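Work through the exercises below with the sequence and the structure at hand. Each task is followed by a solution in steps.

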Amino acid sequence: MHRKRASVGLRGLPAKRCPAAQAPNMPAKQALTNTLCLNTPEDVVFHPLLPDDERIFQQEGWRYSLTPEELFRDNAYRFSSGGDPQHIPDLTFDALLASGTATQLGDARWARPSEDERLQLLGGYLDAAQPPAVAASNRNDAGQQWTVAQQPLFKALIDSGLGEDVIGGGLDVDLRQPLYSVGLKGVEPGRCAEVFDLILTRLDELRSSGFNASTVEAATNTIEFQLRENNTGGFPCSLNQFLRALRAWLYGRDPVEPLQWEGPLEELKAALAEGEDIFGPLIAEWLLDNRHRVALELRPDSGLGAEQAAEAAARLQEAAEAMGEAGLADVAQAAADLQAWQVAPSSPEALATIPSLRVSDLDRNTIIIPTAAAPLLEGQATRLDHSLDTNGIIYLDLALDFARLPPDLLPLVPLFCTCLTQMGTQRRSFVDLTEYLDRTTGGVTVSPLVSAHQGLEGDPRAYIMVRGKAVGARAEDLLGVASELLLEPRLNNKGRFAQLVLQEKAGLEQRLVEKGNQFASTRLEGQSTVAGWASEMMGGISYLQYIRGLAAGLADEWPQVLQKLEAIRTYAIHHAGALINLTGAHRSARSHMVSYTCKAADLYQAAGLPYNFNGTGVWLVATHYLATTWLWDSIRVQGGAYGAFITFDLTSGQLAYCS
């Protein structure tokens, strides 16, 4: 495959790398399917170009440059990023080759359809393979049972007031040695020891007193619902199953074992029904008595960046003096040669090695989702029904119109949505409500949704979305709890609301570092459309500034804040235009610094495209082409950025470039 346009996915996971590819099973075009799903990922893994061309190392690893800001002198890409600057230059191309770049076939694992002729094509890759030498290991039986411990421990940490939000990934079973991590962020200096003591104390209490029966039932139902639904979002289901199998397979255990969950789950239910103490011994053995643990305290250092920059400058100066004029000239020439190689077009021979689909290979028939609409409440609301096979699960979407909400209330809408599920109701406390939702449903979420209305720039669509799912037998419970959340919320708990504000603040500040390109894109859209402005007020930099101010002044402003929360609820439940969407079967009722850059333009105004532009397929192809060619080559390859993105909103007309 060509060095710059390989499009197969290589997913990085703990202790493993998983090349993934998929294509429709088209018997008439089996050769193409074989190439896409078999030859391509294996070729990427077993025949990489890296060992044969040092320029790839210079592009993807590191290199000296006399003018690092020359290519992007006027934007954020003049700042370096991509790893620890102190250690990246220690790696050399020769050392990389000496470490061994070839994949050991004997250590590989393969997942293919059984009784498939494509298995025969693996022969060319596997003839030289040796049986994998993998040491056996004892089975870890803790598994997802630790989910039960999450809620009581989470509540204890939040109620302590020691930090702003809970951190830690909980249970991680991807490695041979499972890990459990939990902690707090935003802790005052000198109080981290109190956090560590609280965690161990609460775990010891849970070991001795156990969990409430309702807590165990809620956790068990949540796990079972997730396993039965097997909802992987946009990620291919078959690849997700393969990754689950690897958890056991890589360490010498049966790969099918993690996929056969019904039997062990029923055994767990039976043991719990008989009153067996399942969790106490596990907490004692795997957490309290386990000395293989670390208490980690991360402290911000405002002077660290300047110190590291000075060290890097001194190292570069030392390297430049050691090179001399001749060495520096060689560096300049190498940089020019690399840039020429990067911008050179691929040869026809190289392009011919890339498998591709043609338009004629695609099914031109559009999938039609059955939809039945009916008016409700004398036309004040609309019900939409979609009769689909959803494995006995009903999905509810309730959309409450808030497009005409007073502007001063907009910044509080996201927090209002959070309050509905996180502050309890008149019938149930926050803890009881959480357990009830986990016990009877597959989850209920509330969030705002804002979208431009195509052709009506000043008339956006804005809804408070109540989304939930449940098995068919629990459909009435799902509808009932949705009504309870909206009609009987408990909004007057100042202490709990203050916790939610701090959690929202901490989450926004974390996302600003990790996904700054999204904040930049929202900021730009806020300057061109009403919908974009509303999104900025409820999720952008403006929203973060509002939340910071709210956290600082809540003690004095709580009465006014509570009044605004009640005003949002009153508007949402009494305003006409609600939509009720039901999907299911008929029988169911159902501290590294990263720089981000973004540019945007309204194509409907700037490029003169009509508001009724019906070019869905055109813009999908165009944006994908730009992202994988020009943006990739210019921003990722030559600029060394983490990535480059392009999005187009068909309703507002905004085209955004982000990186």
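**Exercise 1: two hairpins**

In the hairpin of β5 and β6, where four residues lie between the strands, Leu377 takes a positive phi near 55 degrees. The model is predicted, so local features need pLDDT of at least 70 and side-chain atom pairs pLDDT 80 or more, while totals for chains, interfaces and linings use all residues. Residues are numbered from 1 along each chain as its sequence is written, and side-chain values use heavy atoms, with hydrogens and water left out.

Task: describe how β5 pairs with β6, then how β3 pairs with β4.

Solution. 
- Step 1. Helices (H or I, at least four residues) and strands (E, at least two) are DSSP runs, numbered from the N terminus. Two strands pair if DSSP finds at least two bridges between them.
- Step 2. Strand β5 (residues 372-376) runs antiparallel to β6, and five bridges join them. Ala374 stands opposite Arg383 in β6.
- Step 3. Strand β3 (residues 165-172) pairs with strand β4 (residues 179-185) in the antiparallel sense, over six bridges. Asp165 is opposite Lys185 in β4, and the hairpin from β3 to β4 passes through six residues.

**Exercise 2: helix α13 and its cysteines**

Task: how many residues of α13 are buried, and how many disulfides does the structure hold?

Solution. 
- Step 1. Helix α13 (residues 413-422) is mostly covered, with eight of its 10 residues buried. Among them are Phe416, Cys417 and Cys419.
- Step 2. Just after α13, Gly424 has a positive phi of about 85 degrees.
- Step 3. A disulfide is a pair of cysteine sulfur atoms within 2.5 Å, and the structure holds zero of them. Cys419 is in no disulfide, and the nearest cysteine sulfur, that of Cys417, is 9.0 Å away.
- Step 4. Cys419 counts as buried because its relative accessibility is 1%.

**Exercise 3: two helix pairs**

Task: at what angle do α16 and α19 cross, and at what angle do α6 and α10 cross?

Solution. 
- Step 1. Axes are lines fitted to C-alpha atoms, for helices over the stretch in contact, and angles run from 0 to 180 degrees between N-to-C directions. Angles under 35 degrees count as roughly parallel, over 145 as roughly antiparallel, 65 to 115 as roughly perpendicular and the rest as oblique.
- Step 2. The axes of α16 (residues 494-514) and α19 (residues 541-574) come within 9 Å and cross at roughly 170 degrees. Therefore α16 is roughly antiparallel to α19.
- Step 3. The axes of α6 (residues 192-209) and α10 (residues 279-288) come within 8 Å and cross at roughly 150 degrees. These helices, α6 and α10, are therefore roughly antiparallel.
- Step 4. Contact means heavy atoms within 4.5 Å. Leu200, Leu203, Asp204, Leu206 and Arg207 in α6 meet Gly280, Ile283, Ala284, Leu287 and Leu288 in α10.

Terms used:
Buried < 20%, exposed > 50% of the residue type's maximum accessible area, 1.4 Å probe, protein only.
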